[in-house]
Amino acid sequence: MYYVYMLLCSDESIYTGIATDVERRMGEHERGVGARYTRARGVKRLLHTERKRNRSTASKREAEIKKMSRSEKLA
């Protein structure tokens, strides 16, 4: 099982990623050992998660979300 997740960063930007364990991954982002993007900006909170059956569908959904505008992501 894979998850697509969105985080609100300290600079109010939105980070989107995929993981098999969102809690573990969130901890990595908070400790500064996650993605370079969140390491530079810091993490405020988890905004959204979606469960997907496999990595392929999770990656496709992640790509869809990354193409959205900020207002679409927040909706």
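Which residues do ring pairs link into a cluster? Y5, Y15 and Y37. That cluster is my way into this structure. One caution: this is a predicted model.

Let's take the rings in turn. Searching the whole structure turns up 2 aromatic pairs. Start with Y5 and Y15. Their ring centres are 6.2 Å apart, and the planes sit at 50°, so this pair is tilted. Y5 belongs to strand β1, residues 2–9, and Y15 to strand β2, residues 14–19. The pair therefore ties together parts that are 10 residues apart in sequence.

How accessible are these two? Y5 has 2% relative accessibility, so it counts as buried. Y15 has a relative accessible area of 14% and is buried as well.

Now the second pair, Y15 with Y37. This one is stacked, with 5.9 Å centre to centre and 25° between the planes. Y15 is in strand β2, while Y37 is in helix α2, residues 36–41, so here the pair ties together parts that are 22 residues apart in sequence. Y37 comes out at 29% relative accessibility, which means partly exposed. Y37 also has a charged neighbour: R41 lies over the face of the Y37 ring, 3.8 Å from the ring centre.

On to the sheet. It is open, with 3 strands in the order β2-β1-β3, paired antiparallel. β2 and β3 are the edge strands, each pairing on one side only. On average, neighbouring strands are turned by 20° against each other, direction ignored. Between β1 and β2 there are 6 bridges. L8 stands opposite I14 of β2.

What packs on this sheet? Helix α3, residues 55–67, and it touches β1, β2 and β3. The direction of α3 makes about 175° with that of β2.

Last stop, helix α1, residues 22–31. Its buried residues include V22, M26 and H29. R25 and E28 are buried too, and so is G27. What do the buried residues of α1 pack against? Strands β1 and β2, helix α2, and strand β3, residues 43–52.

Both ends of α1 deserve a look. At the start, a side-chain oxygen of D21 reaches to within 3.2 Å of the backbone nitrogen of E23. After the helix comes G32, with a positive phi near 85°.

To close, back to the rings. Y15 is the one to keep on screen: it pairs with Y5 in a tilted arrangement, and with Y37 in a stacked one.

How values were computed:
Residues are numbered from 1 along each chain as its sequence is written. This is a predicted model: local features need pLDDT of at least 70, side-chain atom pairs count only at pLDDT 80 or more; totals for chains, interfaces and linings use all residues. Side-chain values use heavy atoms; hydrogens and water are left out. Rings of Phe, Tyr and Trp (its six-membered ring) pair if their centres lie within 6.5 Å; planes under 30 degrees apart count as stacked, over 60 as edge-to-face and the rest as tilted. Helices (H or I, at least four residues) and strands (E, at least two) are DSSP runs, numbered from the N terminus. Buried means under 20% relative accessible area, exposed over 50%, partly exposed in between (1.4 Å probe, protein chains only). A charge sits over a ring if NZ of Lys or CZ of Arg is within 6 Å of the ring centre and within 35 degrees of the ring normal. Contact means heavy atoms within 4.5 Å. A polar contact is a pair of N or O atoms within 3.5 Å; within protein, one must be able to donate a hydrogen and the other to accept it, and residues adjacent in sequence count only if both atoms are side-chain atoms. Two strands pair if DSSP finds at least two bridges between them. Axes are lines fitted to C-alpha atoms, for helices over the stretch in contact, and angles run from 0 to 180 degrees between N-to-C directions.
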